[in-house]
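Here is a short tour of the model shown below. Keep the 3D view open and click along as you read.

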Amino acid sequence: MKPLAAILFTQMMSYLLDTNVVMRFCNPSDVQHQLATDAISRLLLQ
């Protein structure tokens, strides 16, 4: 199974993401990192 970051990179042209979501996803120390990761995962699973 590919890591979520690899999936996001290969499919990111398919979705328009708010920069706040992207920044939280890229920063594991952000308090909302898991929320952003879960949101992106749900988008990719649709």
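Arg-24 is partly exposed, because its relative accessible area of 26% falls between the two cut-offs: buried means under 20% relative accessible area and exposed over 50%, with a 1.4 Å probe and protein chains only. Asp-30 gets the label partly exposed too, at 23% relative accessibility. Arg-24 and Asp-30 form a salt bridge, and their closest N and O atoms are 3.7 Å apart. The rule for a salt bridge is a side-chain nitrogen of Lys or Arg within 4 Å of a carboxyl oxygen of Asp or Glu. By that rule, the count comes to 1 salt bridge. As background, side chains of opposite charge can pair when their charged atoms come close.

A word on the source: this is a predicted model, where local features need pLDDT of at least 70 and side-chain atom pairs count only at pLDDT 80 or more, while totals for chains, interfaces and linings use all residues. Residues are numbered from 1 along each chain as its sequence is written, and side-chain values use heavy atoms, with hydrogens and water left out.

## The overall layout

Zooming out, the chain has 3 helices and 0 strands, giving the pattern α-α-α when read along the sequence. Helices here are DSSP runs of H or I with at least four residues, strands are runs of E with at least two, and numbering starts from the N terminus.

Of the 46 residues in the chain, 15% are buried. The accessible surface of the chain is about 3,800 Å², and carbon and sulfur atoms account for 63% of that. Those areas come from the Shrake-Rupley method with a 1.4 Å probe; for residues, only the protein chains shown count as cover.

Which residues of α3 are buried? They are His-33, Ala-36, Thr-37, Ile-40 and Leu-44. They cover an arc of only 100° around the axis, so they sit on the same side of α3. The arc is taken from the directions from the helix axis to the C-beta atoms.

## A closer look at the buried side

His-33, in helix α3, is buried, with a relative accessible area of 18%. Leaving aside neighbours within four places in sequence, His-33 is in contact (heavy atoms within 4.5 Å) with Arg-24, Phe-25, Asn-27 and Pro-28. A polar atom of the His-33 side chain also lies 3.5 Å from the backbone oxygen of Asn-27.

Ala-36 is buried at 6% relative accessibility. With the neighbours within four places set aside, Ala-36 is in contact with Val-21, Arg-24 and Phe-25. Ala-36 and Val-22 are 14 residues apart in sequence, but 7.6 Å apart in space, C-alpha to C-alpha. Thr-37 is buried as well, with a relative accessible area of 13%. Not counting residues up to four places away in sequence, Thr-37 touches Leu-4 and Phe-25.

Gln-32 belongs to the loop between α2 (19–26) and α3. Is Gln-32 buried or partly exposed? Gln-32 is partly exposed, with a relative accessible area of 34%. Gln-32 and Val-21 are 11 residues apart in sequence, while their C-alpha atoms are 8.9 Å apart in space.

Key. Polar contact = N/O pair within 3.5 Å; in protein donor to acceptor, adjacent residues only side chain to side chain.
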